[in-house]
Amino acid sequence: MLQLAVYTGLRRLELFYLKPEDIQFFQRPVENSPLGRPAFELVGTARVATSKTGKGRVTPLNRVAAAICRYFVEQKTPWLLGGKEHQGRELRLIAARDFVTRKFAPACKKAGIEGRRWHDLRHTCASRALRNGARLEEVQQLLGHCSIVM
C-alpha cells in the first residue's frame, strides 16, 4: 500500500475508496527493449470517483503501481484494498484510519522514522516526479490539485 501511495500520489481515502473496476490496465511498448525484439510492460489508470476537491479524476499507473494494483484486483474483493461487500464509505474511512494507526505508524516507529504522516507519501510522489523530469503541470494533474500554486 505504501508503494502504491508513493507511485500514484493518491490520498489515503482515495486509495481506500478504489474498487477493482476503477482500475484499467493496458500494455505499453518498451523503448529500446533489451530483448532485441518488441517488449511490452503493464501500465494503467486508476479512476478516482471522489477526491478532496469533490471532482473525480483519472491518475496514471506506472509499471510498478500497475503490478501492485493487478495483485489486489486478483484478490477479487469488492474494494481494491480488501474489505467486505457490505462495507460502505463510512466503514472504509474507519479502515483507512485503522491502517494508519495499526500498520503505518508502528512500522515508522519500528524503522526509527519520527514525525511522518501518510500525507508525506504524496509529497514523495511529487518530489520523485519532478526529479525525473515531470513538469509542474503534470504533477498538478497527477496529484489532483486545482491550482498550480499547490
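Student: What volume of space lies in the largest pocket?

Tutor: This is a predicted model, in which local features need pLDDT of at least 70, side-chain atom pairs count only at pLDDT 80 or more, and totals for chains, interfaces and linings use all residues. On a 1 Å grid over the protein atoms alone, a pocket is an open set of points where a 1.4 Å probe fits, with protein on both sides within 12 Å along at least five of seven lines. Points are joined across faces, edges and corners, and a volume is the space filled by probe spheres set on them; for the largest pocket this is about 650 Å³.

Student: How many helices and strands does the protein have?

Tutor: Helices (H or I, at least four residues) and strands (E, at least two) are DSSP runs, numbered from the N terminus. Along the sequence they follow the pattern α-α-β-β-β-α-α-α-α. The count is therefore six helices and three strands.

Student: Which strands are at the edges of the sheet?

Tutor: Two strands pair if DSSP finds at least two bridges between them. The open sheet has the order β1-β2-β3, with antiparallel pairing. Each edge strand pairs on one side only, and these strands are β1 (23-29) and β3 (57-61).

Student: Which residue of β2 stands opposite Phe-26?

Tutor: Seven bridges join β1 to the antiparallel strand β2, residues 40-48. Gln-27 stands opposite Leu-42 in β2. The residue of β2 opposite Phe-26 is Val-43.

Student: What angle does the direction of helix α3 make with that of β2?

Tutor: Helix α3 (residues 63-74) packs on the sheet and touches β1, β2 and β3, where contact means heavy atoms within 4.5 Å. Axes are lines fitted to C-alpha atoms, for helices over the stretch in contact, and angles run from 0 to 180 degrees between N-to-C directions. For α3 and β2 the angle is about 70 degrees.

Definitions and conventions:
Residues are numbered from 1 along each chain as its sequence is written. Side-chain values use heavy atoms; hydrogens and water are left out. On a 1 Å grid over the protein atoms alone, a cavity is a set of points where a 1.4 Å probe fits but cannot get out, and a pocket is an open set with protein on both sides within 12 Å along at least five of seven lines; lining residues have an atom within 4 Å of a point.
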